Amino acid sequence: MVGALQDAGVVVTGAGGGIGAALARRFAAEGARVVVNDLDAGRAKAVAEEVGGIAVAGDASSVVSDALDALGGTVDVYCANAGVAFEGGNADSPLDEHAWAASWDVNVMAHVRAAHALLPAWLERGSGRFVSTVSAAGLLTMVGAAPYAVTKHGALAFAEYLSLTYRHRGIKVHAICPQGVRTDMLAATGSAGDLVLKPTAVEPEDVAEALFRGIEEDRFLILPHPEVAEYYQARAAAPDRWLAGMNHIQQKWEDVR
């Protein structure tokens, strides 16, 4: 990637910390001009100052217009990284309409809105790169967090749609699907995260490194935890066996929570 991103316009949403901040740092190190977006204006400004980027605070669903202005009219890479996770949301629990609506809006529709805003210019010039931070939950699932698991499946499906529809027209798409990453979001996952994610959690910088390896190799699926590929294959080959195994994890979680 040395030189390929020099002066490229890059937008990273949810970049005030965690994976987003790691992506912003890595793109800036490659010479890109980086827009750092976050709901928290102070955190966005801090990361932007660190990487020599431009802070654009606000909702990830509506950042494209301001980001285009900040970058002089051109976005080359868009990292749809902002996400939300709510513990709970099980079918036998009281229905949390807010958790479902917010998860759908941030984890899926923000990606859809960004793509709709960016695609006309990308298709006209025949290039553009869309990076979706999904989660292994989008390939597999997650116990104790139904809104997160379901909407991350949606995020993966949308990234797949973009790739299969536009790859012959120069649009590159990558779906980052890590398991646990040592971020504030992991800390907020509670006992389910402690059981399933923390034992093999990686650093945000490991996720950024995995993305750049995937870009160099022109891969759609970015797996910072390589074992996720085996789990995904097992899920497809023997779904009942896989579901039985996940139910075993569910029962272990019920014993410790």
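## Terms and ground rules

A residue is called buried when its relative accessible area is under 20%, exposed when that area is over 50%, and partly exposed in between, using a 1.4 Å probe and protein chains only. The model you are looking at is predicted: local features need pLDDT of at least 70, side-chain atom pairs count only at pLDDT 80 or more, and totals for chains, interfaces and linings use all residues. Residues are numbered from 1 along each chain as its sequence is written, and side-chain values use heavy atoms, leaving out hydrogens and water.

## The overall fold

Let's start with the whole chain. The protein chain has eleven helices and seven strands, where helices (H or I, at least four residues) and strands (E, at least two) are DSSP runs numbered from the N terminus. Its radius of gyration is 18 Å, close to the 18 Å that the globule rule gives for 257 residues, so the chain is as compact as a globular protein of that length. That radius is taken over C-alpha atoms, and the rule is 2.2 Å times the number of residues to the power 0.38.

Along the principal axes, the C-alpha atoms fill a box of roughly 55 × 40 × 30 Å. Buried residues account for 49% of the 257 residues.

## Aromatic pairs

The structure holds three aromatic pairs. Rings of Phe, Tyr and Trp (its six-membered ring) pair if their centres lie within 6.5 Å; planes under 30 degrees apart count as stacked, over 60 as edge-to-face and the rest as tilted. One of the pairs is Y78 with F130, stacked at 5.7 Å centre to centre with 25 degrees between the planes. Y78 lies in strand 4 (residues 77–80) and F130 in strand 5 (residues 128–133), so the pair ties together parts that are 52 residues apart in sequence. Both Y78 and F130 are buried.

F158 and Y161 have ring centres 6.4 Å apart and planes at 20 degrees, so this pair is stacked. Both residues sit in helix 6 (residues 146–166), three residues apart, about one turn of the helix. F158 counts as buried at 15% relative accessibility, whereas Y161, at 42%, counts as partly exposed.

## Around A82

A82 is found in the loop between strand 4 and helix 4 (97–125), and at 15% relative accessibility it counts as buried. Leaving aside neighbours within four places in sequence, A82 is in contact with T13, G14, A60, V106, N107 and H111; contact means heavy atoms within 4.5 Å. The C-alpha atoms of A82 and H116, 34 residues apart along the chain, are separated by 17 Å.
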